[in-house]
Amino acid sequence: MITTVLFDMDGVLIDSEKFWQQAEKEVFTSVGCQWNETIAHQTTGQTTRAVTELWYALFPWKGKTIEEVEQAVIDRVDELIRQEGEIKIGVLTTLTYLQANNFKIGLATNSSPSLIQTVLVRLNIANFFQTTVSALDVPQGKPAPDVYLQAAKNVHSQPENCLVIEDSFTGATAGKAAKMTVFIVPEPEFYTNPKFDLADRKLVSLLEFEENFLALNHETL
């Protein structure tokens, strides 16, 4: 029986993947990297440090540390979210349904604690979450299961009673590694990619959440 729902943030709660793409392109090209869309899409869902280290390995730059470039990306994403961030379709309905039915709700993301606060304030949804966990709070970010296991621990839930909501292969991998049930809501252009078949259910949007959630809980009774 599912008692706890743990949400990823970027691409699930907020349409922010485009902001990460923009910020990474601006910052990495400013230090001499040659932008490549294929590489950019492959890193979706990874920690900002892992993404920055990958671009540095491909195009070693001088004059700035990896930490400085990583922070520049985070700062630019924060700026874009504050200016343009919008809640994803179905999110508010889903959160309201879960809260009204007394499910535990958590957030587990590879983003920094500062970006978590920026998003929750921008979307006005902080009151729904009983815990928030950043990759900076645990030994390893996604695709390791640490953020999800910590979130479950924070709300006193067992992994087998947790449902993860993700949009990326990296995040879904983390959820499955945590031994949790996983719903995935991929970006539309990647919906048919067979790599997302590792999830227990695949949704077009969170407007399909309640129907699939009720069916899942019925199956596990």
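This is a predicted model: local features need pLDDT of at least 70, side-chain atom pairs count only at pLDDT 80 or more; totals for chains, interfaces and linings use all residues.
Reader: In what order do the strands of the open sheet stand?
Author: The sheet is open and is built from 6 strands. Their pairing is parallel. Read across the sheet, the order is 3-2-1-4-5-6.

Reader: Which strands are the edge strands of this sheet?
Author: An edge strand here pairs on one side only. In the order 3-2-1-4-5-6, that applies to the two strands at the ends of the row, strand 3 and strand 6.

Reader: Over how many bridges do strand 2 and strand 3 pair?
Author: Strand 2 covers residues 104-109, and strand 3 covers residues 131-134. Within this pairing, Gly106 stands opposite Thr131 of strand 3. The two strands run in the parallel sense, and their pairing extends over 4 bridges.

Reader: Which helix makes a β-α-β unit with strand 2 and strand 3?
Author: Strand 2 and strand 3 are parallel partners. The unit they make with the helix is right-handed. The helix spans residues 113-123 and is helix 6.

Reader: What is the bridge partner of Phe183 in strand 6?
Author: Strand 5 and strand 6 run parallel and are joined by 2 bridges. The partner of Phe183 in strand 6 is Arg201.

Reader: Is Asp8 buried or exposed?
Author: Asp8 is placed in the loop between strand 1 and helix 1. Not counting residues up to four places away in sequence, Asp8 touches residues including Leu13, Ala108, Tyr148 and Glu166. Its relative accessibility is 6%, and the cut-off for buried is under 20%, so Asp8 counts as buried.

Reader: With which side chain does the side chain of Asp8 make a polar contact?
Author: Lys142 and Asp167 are among the residues that Asp8 touches, not counting those up to four places away in sequence. The polar contact is at 2.8 Å, and the partner of the Asp8 side chain is the side chain of Lys142.

Reader: What is the relative accessible area of Ser16?
Author: Ser16 is found in the loop between strand 1 and helix 1. Not counting residues up to four places away in sequence, Ser16 touches Asp10 and Gly11. Ser16 is buried, and its relative accessible area is 0%.

Reader: How many residues apart are Phe28 and Trp55?
Author: The rings of Phe28 and Trp55 form a stacked pair, 5.5 Å centre to centre with 25° between the planes. Phe28 is in helix 1 and Trp55 is in helix 3, so the pair links distant parts of the chain, at a separation of 27 residues.

Reader: Why is the pair of Trp35 and Trp55 stacked?
Author: Trp35 is in the loop between helix 1 and helix 2, and Trp55 is in helix 3. The ring centres are 5.0 Å apart. Planes under 30 degrees apart count as stacked, and the pair is therefore stacked, with its planes at 0°.

Reader: Which residues form one aromatic cluster?
Author: Phe28 and Trp55 belong to the cluster, and both are buried.

Note on methods:
Residues are numbered from 1 along each chain as its sequence is written. Side-chain values use heavy atoms; hydrogens and water are left out. Two strands pair if DSSP finds at least two bridges between them. A crossover is right-handed if, with the strands pointing away from the viewer, the path from the first strand over the helix to the second runs clockwise. Buried means under 20% relative accessible area, exposed over 50%, partly exposed in between (1.4 Å probe, protein chains only). A polar contact is a pair of N or O atoms within 3.5 Å; within protein, one must be able to donate a hydrogen and the other to accept it, and residues adjacent in sequence count only if both atoms are side-chain atoms. Contact means heavy atoms within 4.5 Å. Rings of Phe, Tyr and Trp (its six-membered ring) pair if their centres lie within 6.5 Å; planes under 30 degrees apart count as stacked, over 60 as edge-to-face and the rest as tilted.
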